[in-house]
Amino acid sequence: MDLRDMHYLIALHKYGNIGKAADEVHVSQPALSKFLQQQNQYYGEKLFTKQGHKLQITEFGEMLLKYAMQFTTLEETMNHEISCWQSKNKPFKIALPGGSGRHVLSIAFPKFMAAYPDVDLRYIDIHTTLAYDKIRSGEVDAAVCGIPVDDADFSWKSIYREEMVLAISKNHPIVKEGVTRSGFSHPWIDLHHLKEETFILLAKTQWPGAAAETIFKQINFTPQKITRITDIQTAAQLISVGVGATILIDKYHTFMVNPEQVSILSCGEEPVYHHSGIVWKKDRILPSYCGDLFREIELSFKHIAGET
């Protein structure tokens, strides 16, 4: 039994189902069934018995499983050590979105570099819609962007969540109508009172644009005037000079040129959240220092939100 076979055995025990195990180890169901038959013949013992629709490991199979787990753990440790060794003299490229990314950078990176002065850490300013393609191609090693990731090619770590809010000029009459409402972070308003207001929104394929559609659907609301753009910073700047209203991530207004000219309000039937995380390619073994790097990035988000 080689290491590949051991991974097959572990997957079969984990799922008790040939189909799910086959997906886990990226082989066809017939190939995994053949593997099981060959192992039974080779050892003269059954590794699993079938109980209904589920595979149940035998006593002999458990003995093999014990050693398979030990060998695969050693394999993972070895691969991790190799990756750490190879990454010593290689730059680690992490992408962050413009605006909030620059603030995270100014807080997290100095602390990290003080602890790891020999690490060649490189920051790349990137639009979040391009993050996954850049990771997949290897142009960046990791990226701070929206999660969860509905893609088996990626792994991710959740670091923060923020309410999606309405941003509008502080001089707009609707600001005075804000009321306290349970579950919301800011004074809440009824969007129906803004039916004739111009909404400056991102495309529906971008998270703030999709979040706006979710909020509108909650309350059966359709603005009469919508201007679609592709850059949230442009929307934020327009709002800061008194043009229209937009839906954006809470605290993003603090990165505007004139944040004091903007009011932030909650809206919708229930809060809609943006979940931020750090994403990397699933088969990428990260350097050991990434744990501390990701922790500093997470703390920087909380600092910006005023939680630390």
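Trainee: Is M78 buried, partly exposed or exposed in this predicted model?
Mentor: M78 has a relative accessibility of 46%. Buried means under 20%, and exposed means over 50%. The value lies in between, so M78 counts as partly exposed.

Trainee: Which helix holds M78?
Mentor: The helix in question spans residues 59-87. M78 has its place there, in α4.

Trainee: What distance separates the C-alpha atoms of M78 and S240?
Mentor: Along the chain, M78 and S240 are 162 residues apart.

Trainee: Where do the buried residues of α8 lie around the axis?
Mentor: Helix α8 covers residues 232-240. Its buried residues are I232, A235, A236, I239 and S240. They cover an arc of only 135° around the axis, so they sit on the same side of α8.

Trainee: Which elements do those buried residues of α8 pack against?
Mentor: One partner is a helix, α7 (207-218). The strands are β6 (154-169), β7 (198-202), β8 (225-229), β9 (245-249) and β10 (262-265).

Trainee: Which residue just after α8 takes a positive phi?
Mentor: The phi there is about 90°. The residue is G242.

Trainee: Are α1 and α2 parallel, antiparallel, perpendicular or oblique?
Mentor: Helix α1 (residues 3-15) and helix α2 (residues 18-25) pack with their axes 8 Å apart, at an angle of about 135°. Over 145 would count as roughly antiparallel, and 65 to 115 as roughly perpendicular. The angle therefore makes α1 oblique to α2.

Trainee: How many charged residues does the contact of α1 with α2 have?
Mentor: Residues in this contact include H7 and Y8 of α1, and I18 and K20 of α2. By class, seven are nonpolar and one is polar. The charged residues number three.

Key. Residues numbered from 1 in each chain as written. Predicted model: local features only at pLDDT ≥ 70, side-chain atom pairs only at ≥ 80, totals over all residues. Heavy atoms only, no water. Axes fitted to C-alpha atoms, helices over the stretch in contact; angles between N-to-C directions. Helix = DSSP H or I, 4+ residues; strand = E, 2+ residues; numbered from the N terminus. Parallel < 35°, antiparallel > 145°, perpendicular 65-115°, else oblique. Contact = heavy atoms within 4.5 Å. Nonpolar A, V, L, I, M, F, W, Y, C, P; charged D, E, K, R; others polar. Buried < 20%, exposed > 50% of the residue type's maximum accessible area, 1.4 Å probe, protein only. Arc of directions from axis to C-beta.
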